[in-house]
Amino acid sequence: MKKRFVKTMMLVSLLGVFAGGETVQGAQEIDSDITARIEILNNGGDAEQKINAEIIAEFNEKYPNVEVVDTYASITDWGEYINNMLTRKAAGTMPDIVYMGGEGLQLAASRNLLLPLDGYIEDTSDDSFRQMLTDVNPTVLNCLSYQDSVYAMPTAHNGKVLIYNKDIFDKRGVEYPTDDWTWDDLREAAKKLTYVDEDGTQIYGYSMSWMTWMFDVWPYIFGSEGNLNSDWTESNLLDPLVEKSYQYVYDMIYEDGSCPMPEAGQSQNSIMASERCAMITEGSMFFRYAAGSDIADHIGVCKVPMAPDGSGRRVAVFGALGFGISTECEYPELAWELIKMLASEERQASIVKAGGPTPIVRQVAIDNIQYNGENKEIWYDYLEDGKLMAGPVKYTEYNLIMQNCWQSWLSNTKTIHEALVDADAEITEAFSE
């Protein structure tokens, strides 16, 4: 397999990756006796909070007079999260470090909520940080950027591989998926894998979640550019391939009965972990749901299927997560020192072991993802086919429009064509403002 990694990358290579845009100065030497307060606006459960507390304690060994306040906000929607940040900025209570997902990055950067980090990333003084970056796929390094500058240091990503339950395949006499599968192959297999077991439990061939991931993923399966054009500035919903892909989803639910209706609050991961479906497309965060069961012992993985047009084209949509520095931060160099620790290989390993997203460092991912089967490297190397999920500047509007679009045709309130025509008009109007 081709490896698009920066195996011999020195800092001059980073200048090419992060070229363009106004940058801040590189990190400066900081007095260990500095007295300061750093607040992080963060997200995560008990495991993440424990891991972050350990990192902060380590940071305080070096900077004992710095108070670090780790504030957690529930993230149900990145648009809502950014609006919360805007409210805090207006009130003069902005945090110093902000946990950020790719969906909200452009919105946050365009509203002047975050500092560009290019100068810090390009700094040549930290050998361990430079060395870490040599095993990071450039696709990840450049995914939290806006107008050619990086605004959050990536710490993890979560994308799509095809996860399948070998026991269900064996029971139904269906051959395991391969990297040669198309989405048509998946649909046909899902039909055969759908049945009611001996105790009356409905087993589905495939399952999906009700979330942004899904309406962003599906347009690519028949070769479309996606819901939006390549630079996320215009609607692409009238591309016939988008309608064809949504019809595929509709038919799996209503015609085949091989996929349960996706609903708010329903997780494909929990359905898979409880062995009520044979296949899902997900990343390493599946293992958060698999904890406490033996499902990890009898699953297999392969690449997501290809478009069924014979092109060999496949798209593995992924999201990225990282930490940015607020424009209101009084001590940005100090904040960057903490961010480097939050992006460290040690923390990446701890997060993924707890069922979190995939580390940005390839070897850390391969060594620590809680999967012991064959083809373990695919949990990272899906990035070879990776495409960052859409995160336009108008993300809040885009997210709401698409959720309403999906809801309308899934509930049969509108036809798929009607829903896409209406959503196209709404996106065009929203993006023109």
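This is a predicted model: local features need pLDDT of at least 70, side-chain atom pairs count only at pLDDT 80 or more; totals for chains, interfaces and linings use all residues.

What follows is a request about one arginine and a connected reply.

Me: Which helix holds Arg172, which residues is Arg172 in contact with beyond its neighbours within four places in sequence, and does Arg172 count as buried, exposed or partly exposed?

Reply: The protein has 19 helices and 14 strands, and its C-alpha atoms fill a box of roughly 65 × 50 × 40 Å along the principal axes. A compact globule of 433 residues would have a radius of gyration near 22 Å, and the protein agrees with that, because its own value is 22 Å. Of the 433 residues, 58% count as buried, while the protein exposes about 17600 Å², of which carbon and sulfur atoms supply 45%. Among contacts with a separation of 6 or more, residues 24 or more positions apart account for 75%.

Turning to the residue itself, Arg172 is found in helix H8, which covers residues 166-172. Arg172 has a relative accessibility of 38%, and it therefore counts as partly exposed, since that value lies between the 20% and 50% cut-offs. Once its neighbours within four places in sequence are left aside, Arg172 is in contact with Lys192, Leu193, Thr194 and Tyr195.

As for charge across the protein, the mean positions of the 32 positive and 68 negative charges are 4 Å apart.

Note on methods: Residues are numbered from 1 along each chain as its sequence is written. Side-chain values use heavy atoms; hydrogens and water are left out. Helices (H or I, at least four residues) and strands (E, at least two) are DSSP runs, numbered from the N terminus. The radius of gyration is taken over C-alpha atoms; the globule rule is 2.2 Å times the number of residues to the power 0.38. Buried means under 20% relative accessible area, exposed over 50%, partly exposed in between (1.4 Å probe, protein chains only). Contact means heavy atoms within 4.5 Å. Accessible areas come from the Shrake-Rupley method with a 1.4 Å probe; for residues, only the protein chains shown count as cover. Lys and Arg count as positive and Asp and Glu as negative; His and the chain ends are not counted. The place of a charge is taken as NZ of Lys, CZ of Arg, CG of Asp or CD of Glu.
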